[in-house]
Amino acid sequence: MYIDHGYHLSYCTNIHPGESWEEVFRNLQDYLPRLRQSLNPGKPFGIGLRLSDLASRELLQGDQLAVFKAWLSDNGLYVYTMNGFPYGGFHHEVVKDAVHKPDWTTTDRVDYTLRLAHILAAILPRGIDGGISTSPLSYKPWHQEEEALQSTFRTSTEHLVQVVEELRKIKAATGKTIHIDIEPEPDGLLENTAEVIAYFNEWLLPVGIKKLTATGISKEEAAEAIRTHIQLCYDVCHFALAYEEPAVVFAQLQEAGIRIGKIQLSAALKVILPTRVEERSAIAKQLSSFVESTYLHQVVERGENNQLTHYTDLPQALQQLHKPEAREWRTHFHVPLFTAAYNGLQSTQSDIEQVLALLKQYHVTNHLEVETYTWEVLPQELKKELHESIRRELAWVLQTINHSNYAENSRN
């Protein structure tokens, strides 16, 4: 939805099972009109659309795209952001590190992303920029050798610059600006602010400027094209897992000239580790209920002197829970936003509150998207059916934004 404070706010539809366009469209029809009616009646309501590779191909067949565009208009809905990270199956199957496949070394990733860009350009309302979040190039554990790592950076960068060239053409033809928003995450090839800044400075800008100036534009125009069309998806959960302070990240990115295209509002699971062995054993039992075979749930441990230790998945981390020097665990598990407690465990909800407050100072983006998909972690008394769960998340964001604005106005 477009809200009074100048933001587009919705949720990412990757929470709904369905890889075909027929399944995706059915979910949109089931949920979006009802959410609009309950949260923003009579006003436009935005969609954070996730299309698999299959769905993106099917949507471009026949008159499907025209039918979808008409449905959006008839129902007061619009798409302003897309999730182009998961390429294939995302539900009811083992995903784990395969969520990064195909990575940015492949032409499949390029073709998929460009297909999404052309779809978004066709349905994006005029006067709104459009964003597509994407993989952080690749999965770090796949590239242990330095030569392989350098090759991955080189090929991924060449492919991203190819996308920039096409997005420039789309903008020239339609007047619409679309940006690809790289999404750092734990164990991604890019997983924190320092790595993102280094990538822009050492790879994306040098390679991209050289390539784009060969088309006849100046170095300044080439750099601006790259910064316009390749931005960052700030997933609050992912940056909390890196133990990075939002205000510091925003300032560092601003200084580096890297733009944030989208903020994904998500919370990580957090636990402050007690010193007593029996209390840690109780926590281990609680955390064991979060182990599942579909997705990776990386754990980042903060120890003495704030040293960070990374575990590729929760089962591996649980074997180390009794390390005496461990002080805090944060787990990659997108838990609901509206509460900070889960049967004795906590979340990084406060990071979301900080981000929403900081937007008044930095206003780095107007694209906000809730990405919660772990409703089962809630205590039984807090569980609701899916439509109401989504509504509750969006309502919490609206309330938090309004509260931060009220606090700001009270100080002035």
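Strands, a helix and a buried threonine

Author: Helix α10 (residues 277–288) lies across β9, β12 and β14 (345–347), and its direction is at about 160° to β9. Axes here are lines fitted to C-alpha atoms, for helices over the stretch in contact (heavy atoms within 4.5 Å), with angles from 0 to 180 degrees between N-to-C directions. The model is predicted, so local features need pLDDT of at least 70 and side-chain atom pairs count only at pLDDT 80 or more, while totals for chains, interfaces and linings use all residues. Residues are numbered from 1 along each chain as its sequence is written, and side-chain values use heavy atoms, with hydrogens and water left out.

Reader: What makes β9 and β12 a pair?

Author: Two strands pair if DSSP finds at least two bridges between them; strand β9 (residues 267–272) and strand β12 (residues 326–335) have 5 bridges in the antiparallel sense, and therefore they pair. In β12, R330 is the bridge partner of K270.

Reader: Why is T13 called buried?

Author: Buried means under 20% relative accessible area, with a 1.4 Å probe and protein chains only; T13 has 7% relative accessibility, and so T13 counts as buried. T13 is placed in the loop between β2 (7–11) and α1 (21–39), and T13 touches L28, I47, G48, L49 and R50, not counting residues up to four places away in sequence.

Reader: How do you know that β2 and β15 pair?

Author: β2 and β15 are joined over 4 bridges in the parallel sense, against the at least two that pairing needs, and therefore they pair.

Conventions
Buried < 20%, exposed > 50% of the residue type's maximum accessible area, 1.4 Å probe, protein only.
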